[in-house]
2 protein chains.
Amino acid sequence: MLTLFHHPLFANSRFVRLAFGEYGEELALIEEKPWTRRKEFLNLNPAGTLPVLLAEGDVPIVGATVIAEYLDETRGVLKRERRLFAEDPMERAEIRRLVDWYLQKTEGEVTRHLVRERVLKPLMPGTEGGGSPDAGAIRAARSNIKQHMKYTNWLSGTRNWLSGPRLSYADLAAAGTLSVLDYLGEIDWTDYPSAKDWYTRLKSRPSFRPLLGDRVRGLTPVSHYADLDF
Amino acid sequence: MLTLFHHPLFANSRFVRLAFGEYGEELALIEEKPWTRRKEFLNLNPAGTLPVLLAEGDVPIVGATVIAEYLDETRGVLKRERRLFAEDPMERAEIRRLVDWYLQKTEGEVTRHLVRERVLKPLMPGTEGGGSPDAGAIRAARSNIKQHMKYTNWLSGTRNWLSGPRLSYADLAAAGTLSVLDYLGEIDWTDYPSAKDWYTRLKSRPSFRPLLGDRVRGLTPVSHYADLDF
């Protein structure tokens, strides 16, 4: 079994867990607190970021999209219609664009800030960046959510899955991201009916179940978080 | 000929130009000022980011790593020993890790800040984010350069090229980044002899020549910028 260094409320870690889950491959999970800059972890990844996969031969594969490409090259190509990636270079580019949208753009404008202020700061000692949440950062992130939800609603209203007719990495990147924001109660789904329908379909998949069981210390999820009918 | 929307002092745009240059494929370049949020450009890329390639059929391919993957899938696979990517999934993961290091990590800790404060702000109108440079941001970015130069020096001292025995995307991502910092006179090469030797080899390649001719308004490059012997 391969090992994944992850954080339960990091969107990029969730994305990787969903991808392995879709292929029915179990991962040994190690929860890492990257802000402690643990020496053994920095030896695996000098950038100090999550997620890191220990692949065959314990070789570290660093970063969510790098892991996703590795997974596709070593497993995905054999999965036929269950493959989470396309064959055609243009379709692959569209899937990659959307993965970057959620794991880079939404992350940088919304997710990272809400997770830092609401999840991590209350748990971190002051020496590691802990302290009172920054209300301004929370407010800015919240005002940015709308644009990303609107875009998700538009995509899911015009396509069967976010990148086209088939489930792909794009859906898993989006779902990894939105599931973190949903845990925190930051999404008002009533405004985004197509996104809600799409998310309901994803949430019902077996790959999603472990994420719905995740809990972080001191912060219970919003009441509908694990409901398949919300 | 394909078209690239780029900025001459953005590392991610330089990375793409170097990659096409290595394959001897000329690009029509359109300089884009993404902060103006031009409507026609947002139609191509709703994220509003650079670079964007107009590929065959004028289909937009968005983002530096997405373009690099597309280039590999449509051209690189045919280039044999001139291919800028590896065959082996583990080696591919290492190349991708290093591309992300320079285009995400160095970008977020160093390059983006120095380019914004020193290149863009003096050119932008106040309504688009222009104004006096933030001395604190410049100071923070400068103190972060050392870690990235040390890492580059270590990589180039222990490997022939940054990701291993052959020139790869990793070298082009690093060179795209360091060439921007070098234009700005931010790198003291005397402290990093292996990195200097590696950069000299890259700088002498024909693919690099167009970058050495780049100039931005109001900011001449450091005197050794275009010297092959510096």
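Student: What makes the link between the side chains of B:His113 and B:Arg116 a polar contact?

Tutor: In this predicted model, the two side chains come to 3.2 Å. The limit for a pair of N or O atoms is 3.5 Å, so the pair of B:His113 and B:Arg116 counts as a polar contact.

Student: Which backbone atom lies 2.6 Å from a polar atom of the B:His113 side chain?

Tutor: The backbone oxygen of B:Gly108. B:His113 itself lies in helix H4 of chain B.

Student: Which residues does B:His113 contact once its neighbours within four places in sequence are left aside?

Tutor: They are B:Gly108, B:Ala137 and B:Ala141. Contact here requires heavy atoms within 4.5 Å.

Student: Why is the pairing of B:Glu73 and A:Arg92 called a salt bridge?

Tutor: The closest N and O atoms of B:Glu73 and A:Arg92 are 2.7 Å apart. The rule asks for a side-chain nitrogen of Lys or Arg within 4 Å of a carboxyl oxygen of Asp or Glu, and therefore the pair qualifies. The rule finds six salt bridges across the interface of chain B and chain A. Between these chains there are also seven residue pairs in polar contact.

Student: Which elements give two or more residues to the side of chain B that touches chain A?

Tutor: Strand S4 (60-62), helix H3 (64-74) and helix H4 (89-120) of chain B do. H4(B) has the largest share, with 10 residues. By type, the residues on this side of chain B are 13 nonpolar, three polar and eight charged.

Student: How is the size of an interface often given?

Tutor: It is often stated as the accessible area lost when the parts come together. Between chain B and chain A the buried area is about 2,000 Å², and carbon and sulfur atoms give 66% of it. Of the area that chain B buries against chain A, 26% comes from B:Val66, B:Glu73 and B:Met90, more than any other three residues supply. In terms of contact, 24 residues of chain B meet 24 residues of chain A.

Student: How do you know which surface each copy uses?

Tutor: Of the interface residues of chain B, 100% are also interface residues in chain A, so the copies meet through the same surface.

Student: What kind of peptide bond joins A:Leu50 and A:Pro51?

Tutor: The bond is cis, with omega about -10°. A:Pro51 is in the loop between helix H2 (39-44) and strand S3 (52-54) of chain A. In chain B, a cis peptide bond joins B:Leu50 and B:Pro51, where omega is about -10°.

Student: What makes the phi value of A:Arg37 worth a remark?

Tutor: Phi of A:Arg37 is near 50°, which is positive in a residue other than glycine. A:Arg37 lies in the loop between strand S2 (27-31) and H2 of chain A.

Student: Which residues of chain A does UniProt list for "domain: GST C-terminal"?

Tutor: The unreviewed entry lists residues 88-222. That span of chain A is 64% helix and 0% strand. The UniProt annotation "domain: GST N-terminal", also from an unreviewed entry, covers residues 1-79 of chain A, and residues 1-79 are 37% helix and 20% strand.

Methods: Residues numbered from 1 in each chain as written. Chains lettered and ligands numbered in written order. Predicted model: local features only at pLDDT ≥ 70, side-chain atom pairs only at ≥ 80, totals over all residues. Heavy atoms only, no water. Buried area = accessible area lost by both parts, 1.4 Å probe. Polar contact = N/O pair within 3.5 Å; in protein donor to acceptor, adjacent residues only side chain to side chain. Helix = DSSP H or I, 4+ residues; strand = E, 2+ residues; numbered from the N terminus. Nonpolar A, V, L, I, M, F, W, Y, C, P; charged D, E, K, R; others polar. UniProt positions renumbered as here; feature names shortened; annotations may be inferred.
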